[in-house]
Amino acid sequence: MKAHFCRMNKSVDQKLKWFRYIALAEGVSYLLFAVTMPLKYQLDIPEPNKVVGLIHGVLFMAYIPFAYLVVSDHKLGNLKLLIFWLASLLPAGTFVLDHKILKKL
């Protein structure tokens with residue numbers, strides 16, 4: 001039984017590690033829009049915005065289920081899940097989330 005418990009903890013740790021990577025990458029991709037949006041609308045260069053938008057969309061789609069898994073694994077509750085999800089909607093929100101909550105887990 002002890003070996004199974006150790007493997008479970010590794011799995012929980014791996015999910016948290018991956019969630020932190022995804023959250024930080026999602027935050028960076030969100031901030032990159034500050035560069036690509038002026039390129040698109042002021043200089044009529046839409047391609048970088050399309051690439052960043054695609055990457056951001058994929059990261060966001062990974063972020064949502066991983067947020068649920070981490071909250072569930074750590075028994076953090078629905079309020080924390082809401083905070084995790086709201087962090088993904090705010091510029092630099094995922095960086096604050098990582099600093100204030102995820103590092104401590």
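**Notebook: aromatic pairs in a predicted model**

I looked up Tyr 21 and found it at 49% relative accessibility, so it counts as partly exposed (buried is under 20% relative accessible area, exposed over 50%, partly exposed in between, with a 1.4 Å probe and protein chains only). I note that this is a predicted model, in which local features need pLDDT of at least 70 and side-chain atom pairs count only at pLDDT 80 or more, while totals for chains, interfaces and linings use all residues. Residues are numbered from 1 along each chain as its sequence is written, and side-chain values use heavy atoms, with hydrogens and water left out.

I then looked up Phe 19 and Phe 84, which form a stacked aromatic pair, 5.6 Å centre to centre with 10° between the planes (rings of Phe, Tyr and Trp, the last by its six-membered ring, pair if their centres lie within 6.5 Å; planes under 30 degrees apart count as stacked, over 60 as edge-to-face and the rest as tilted). Because Phe 19 lies in helix H1 and Phe 84 in helix H3 (residues 78-87), this pair ties together parts that are 65 residues apart in sequence; helices here are DSSP runs of H or I with at least four residues, numbered from the N terminus. I recorded Phe 19 as buried at 0% relative accessibility, and Phe 84 as buried with a relative accessible area of 0%.

For the total, I noted 3 aromatic pairs in the structure.

Terms used. Helices (H or I, at least four residues) and strands (E, at least two) are DSSP runs, numbered from the N terminus.
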